[in-house]
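Thanks, everyone. Please bring the sequence and the structure up on your screens. I will keep this quick.

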Amino acid sequence: MKPKDMMRRVVWFDEWQLEQIESWLAAMALRGWRLERMGLRIATFRRCQPASLRYRLDVNPDSKFSRGQRQAIYRSAGWVYIAARQDIMIFCTADPAAQEIHTDPVLYAPVYRRLSGFNNLYAILYLVIAVMMLVPVSLDPAYQLKQFLLGSGIISLFAGIMFLFAAVRQLVCHFQVTARAKRMERGTLPRHDVPYRGALLRHKVVNQVLAIALGAFLLAMVFELAMGFTRFIPRPIPEGRLAVVRAADLDDSFRMEEGMILDSELSYHVSWSVLVPEQVILAEHGNIDRKADPSKPGGQIWLESEKYRNWTPWMAWLVAKSLADTSQTVVLPDAGWAPLPRASDTHGFDDLWLYDNTGEGRHELVARQGCVVYRLSADGPYTTDELLAALAEWIGEGE
Amino acid sequence: MTELMYYTLIALRTPIPGENILTELASLSHGRLRPGPGTLVALLTQLEGQKFIMLQPVADGKGWAYRITAEGLAALKREYALLQTMVRDGSEYAARWPQ
């Protein structure tokens, strides 16, 4: 089969690594590949006789000189124009006696500084976007963390980190260009015969890791967008005293309001998350009258049962802690609410937060067992044991 | 005024296309001055900004040539006079310079 005459390669180097790119192009020419054109990240080569060529990437000066005029002057010195890439023109010569393109570093320094012009703009832009995506995660960690872990905040975190990384890369470019320009102003020209393999390998590894991370991010985003009212609940909410409505039973007559599905009698709390195995968590809110108990007139267990299944016990603990901290059950004398206190006796659960308003009033508990979190509220004259018994009965029905 | 700037202004005393400037500089300096083309472009940009040189179309209408302006010529004459003064002042002591 006839060997191909054209080849494309990714330009792994950063914009400020002009000398490394020059060395790489020269090495390619020695292997029989001459640069044809160069885009932002892709260089196209044409097969040729192996030759010792010198390549120079020359920053465009901010002048009235047209490209044609500049190329004519360079050609008179033995430098042939090859390609342009953003604010850079690439020249090449096969004449070892051809004078270097720049012989006066002081005159070149202000031209070279133009390399960092756009980098500053991109760095600021990326930094602003990164802050917008990351700051909401950190402002109120106790509450936001639950929303973040169970919602689409993971996407914001990932995207924020990517933009932060991009901003750092642009800033590195700016500082590198500034440092080199200062050396030029002191009379030192940049070296052209620099090794490039180390930089090439580093950039390949970093960029491939970034590409994989970006692919994972896009996949997670698609997965997140695709979730919602699916027809699958792997572990159904138990039957029994609570009427269970599954996602498959819902139709357009239900009204959505801030994550709640409302009808005339009951409300259903619906949420979905990338991090929870179930694609839809359907919990039921409702007022259930306990069996009539003559010894406790007016009492009722109000099972606002919310059940969160998480990937790991640690994440379940985070969710449970967040629920306990944001509970509005323990009313403070000077207005406001205190978090649910941790129970010293967990009654067999891994973690238990309990507010037992002994006698009348409102009770609430949040319990974690493994990767599952339960929340139960009640109004009436109930004891802790009665609350826990009701919860255990409800859990038992689900096994 | 740097040496390169001085010789460039002399080179542009008559209109000359850009691709011939390097050759003219080498000729004027007897091979001593060999600036890089990028350095020459940067210098021409600077001189044009100072209005010491200008671009004008060549007589046959094909292409452009650079030539010195009146301001450039005045600056060149001042520099030449300064150099002459410096040589004259230095020559008084040339014989007594330490070896």
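A definition to begin: contact means heavy atoms within 4.5 Å. With that in hand, take chain A. Among its contacts between residues at least 6 apart in sequence, 61% join residues at least 24 apart.

Ground rules next. This is a predicted model, where local features need pLDDT of at least 70, side-chain atom pairs count only at pLDDT 80 or more, and totals for chains, interfaces and linings use all residues. Residues are numbered from 1 along each chain as its sequence is written, chains are lettered from A and ligands numbered from 1 in the order in which they are written, and side-chain values use heavy atoms, with hydrogens and water left out.

Now chain A as a whole. Its secondary structure comes to nine helices and 16 strands. These are DSSP runs, H or I of at least four residues for helices and E of at least two for strands, numbered from the N terminus. Of the 399 residues in chain A, 44% are buried. Buried means under 20% relative accessible area, exposed over 50%, and partly exposed in between, with a 1.4 Å probe and protein chains only. The accessible surface of chain A is about 21000 Å², and 60% of that belongs to carbon and sulfur atoms. The areas come from the Shrake-Rupley method with a 1.4 Å probe; for residues, only the protein chains shown count as cover.

On to the interface. How many residues of chain A are in contact with chain B? There are 21, and they meet 20 residues of chain B. The two chains bury about 1700 Å² between them, 66% of it on carbon and sulfur atoms. Buried area here is the accessible area (1.4 Å probe) that two parts lose on being put together, summed over both. On the chain A side, A:Phe65, A:Ile73 and A:Leu107 lose the most area to chain B, together 36% of what that side buries. Helix H2 of chain A, residues 67–76, gives the most to this side, with six residues. By type, the side divides into ten nonpolar, six polar and five charged residues. Nonpolar covers Ala, Val, Leu, Ile, Met, Phe, Trp, Tyr, Cys and Pro; charged covers Asp, Glu, Lys and Arg; the others, Gly among them, are polar.

Over all chains, the count comes to 15.

A:Arg169 bridges to A:Asp14, with the closest N and O atoms 2.7 Å apart. A:Arg169 sits in helix H6 and A:Asp14 in the loop between strand E1 and helix H1, so the pair ties together parts 155 residues apart in sequence. A:Asp14 is buried at 10%, whereas A:Arg169 is partly exposed at 22%.

Second, A:Glu100 with A:Arg56, again with closest N and O atoms 2.7 Å apart. The pair links distant parts of the chain, 44 residues apart. A:Arg56 is buried, at 8%.

Third, in chain B, B:Glu3 and B:Arg32 meet at 2.1 Å, N to O. B:Glu3 lies in helix H1 and B:Arg32 in the loop between helices H2 and H3, so parts 29 residues apart are tied together. B:Glu3 is partly exposed at 39%, and B:Arg32 is partly exposed at 49%.

Key
A salt bridge is a side-chain nitrogen of Lys or Arg within 4 Å of a carboxyl oxygen of Asp or Glu.
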